[in-house]
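Trainee: I have a chain on the screen and would like to learn how to read it. Please take me through it step by step.

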Amino acid sequence: MKVWKLVSGILSMIFFVIVVFQSCAAGLSNALEKNGEVSGSAGIIVAVFMLAGGIVSVATRKSQGKGGNIALIILFSIAALIGFTNYGSYSDLAIWSGWCLINAALAVVTIITGKKKNNADEVKPEE
């Protein structure tokens, strides 16, 4: 799962730039139309959580503990929740929220498979 963490972390940091620019455009559109939507602001928040998740993902890719994966679950889940609940006219935010949800789910899978691997190591008979 080291490769997944590195790739998803780098992609999340690249996507941060795209989401920020799209969110600024959506926020400007919302302000000019005075439609009361907050999708641009929600996009900025999702982008910040995505950047933080990407940094944590790259930084903890070689760690053996669960702390990094738990942090990824929290960061990407919050980003997905905010994005899915506030996307409004900025429909691309649902796509970015889906990316965050995939990363959170893969962090859960990493914890589960890591737990099984640790249990298998403990059960080994001594020679």
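Trainee: How many helices and strands are in the chain?

Mentor: Helices (H or I, at least four residues) and strands (E, at least two) are DSSP runs, numbered from the N terminus. Here the chain has four helices and zero strands. Along the sequence the pattern reads α-α-α-α. Bear in mind that this is a predicted model, in which local features need pLDDT of at least 70, side-chain atom pairs count only at pLDDT 80 or more, and totals for chains, interfaces and linings use all residues. Residues are numbered from 1 along each chain as its sequence is written, and side-chain values use heavy atoms, with hydrogens and water left out.

Trainee: At what angle do the axes of α2 and α3 cross?

Mentor: Axes are lines fitted to C-alpha atoms, for helices over the stretch in contact, and angles run from 0 to 180 degrees between N-to-C directions. The axes of α2 (residues 39-59) and α3 (residues 67-86) cross at roughly 165 degrees and come within 9 Å. Angles under 35 degrees count as roughly parallel, over 145 as roughly antiparallel, 65 to 115 as roughly perpendicular and the rest as oblique. Therefore α2 is roughly antiparallel to α3.

Trainee: Which residues make the contact of α2 with α3?

Mentor: Contact means heavy atoms within 4.5 Å. Among the residues involved are Ile-45, Phe-49 and Gly-53 of α2, and Leu-72, Phe-76 and Gly-83 of α3. By class, the contact has 14 nonpolar, seven polar and no charged residues. For these classes, Ala, Val, Leu, Ile, Met, Phe, Trp, Tyr, Cys and Pro count as nonpolar, Asp, Glu, Lys and Arg as charged, and the others, Gly among them, as polar.

Trainee: What share of the 127 residues counts as buried?

Mentor: Buried means under 20% relative accessible area, exposed over 50%, and partly exposed in between (1.4 Å probe, protein chains only). In this chain, 33% of the 127 residues count as buried.

Trainee: Is Lys-34 buried or exposed?

Mentor: Lys-34 has a relative accessible area of 73%, so it is exposed. Lys-34 lies in the loop between α1 (2-33) and α2. Although Lys-34 is not a glycine, it has a positive phi of about 50 degrees.

Trainee: Where is Val-108?

Mentor: Val-108 sits in helix α4 (residues 92-123). Its relative accessibility is 35%, so Val-108 counts as partly exposed. The C-alpha atoms of Val-108 and Ile-70 are separated by 7.9 Å, while the two residues are 38 residues apart along the chain.
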